[in-house]
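Please view the sequence and the structure together while reading.

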Amino acid sequence: MLSLVTCGIYGLYWLYCLTEDSNKISNEPNPTSGGMVILLSIVTCNIYLWYWMYKRGEIIDNYNLQRGLPPSSNSIIYLLLSIFGFSIISYCLLQNELNKIARGGI
């Protein structure tokens, strides 16, 4: 709702935060920063965002596998929702997974 009230500006901030939080659990040596994800998404008319969504699902799956947990396998769901204009739902699903990780209760 806040994203609608702020004409999408909060959505960009949320994307930044999702990127930074998921970078913390990834094993990538030089992950793409939140600001760069926003810039690349704008420049490529959201094509980079689709790639980013898929990769975030993979990061969550890899994190789960490293801890001996079953993968959530949401990469395709994140991607398809984003392609069809429902990125905010992908954000919510990804936020839910990151919240579970933060609580330690996956």
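The points below are grouped by topic.

This is a predicted model, in which local features need pLDDT of at least 70 and side-chain atom pairs count only at pLDDT 80 or more, while totals for chains, interfaces and linings use all residues. Residues are numbered from 1 along each chain as its sequence is written, and side-chain values use heavy atoms, with hydrogens and water left out.

**Overall fold**

- The protein chain contains six helices and zero strands; helices (H or I, at least four residues) and strands (E, at least two) are DSSP runs, numbered from the N terminus.
- The radius of gyration, taken over C-alpha atoms, is 13 Å, close to the 13 Å that the globule rule gives for 106 residues, so the protein chain is as compact as a globular protein of that length. The globule rule is 2.2 Å times the number of residues to the power 0.38.
- Along its principal axes, the C-alpha trace spans about 40 × 30 × 20 Å.

**Burial and contacts**

- Of the 106 residues in the protein chain, 37% are buried; buried means under 20% relative accessible area, exposed over 50%, and partly exposed in between (1.4 Å probe, protein chains only).
- Contact means heavy atoms within 4.5 Å. Among contacts between residues at least 6 apart in sequence, 51% join residues at least 24 apart.

**Helix H4**

- Helix H4 covers residues 47–66, and its 20 residues should span 28 Å at 1.5 Å a residue; the end C-alpha atoms are 29 Å apart, which agrees. The expected span is 1.5 Å times one less than the number of residues.
- The buried residues of H4 include Tyr48, Trp52, Arg56, Asp61 and Tyr63.
- The cover over the buried residues of H4 includes helix H2 (9–25), helix H3 (34–43), helix H5 (75–83) and helix H6 (87–103).
- Just after H4, Gly68 has a positive phi of about 75°.

**Loop residues**

- Most residues other than glycine have a negative phi.
- Asn46, in the loop between H3 and H4, is a residue other than glycine with a positive phi near 75°. At 37% relative accessibility, Asn46 counts as partly exposed.
- Ser73 lies in the loop between H4 and H5 and has a positive phi of about 55°, although it is not a glycine.
- Asn74 is also placed in the loop between H4 and H5. At 15% relative accessibility, Asn74 counts as buried.
- Leaving aside residues up to four places away in sequence, Asn74 touches Asp61 and Glu97.
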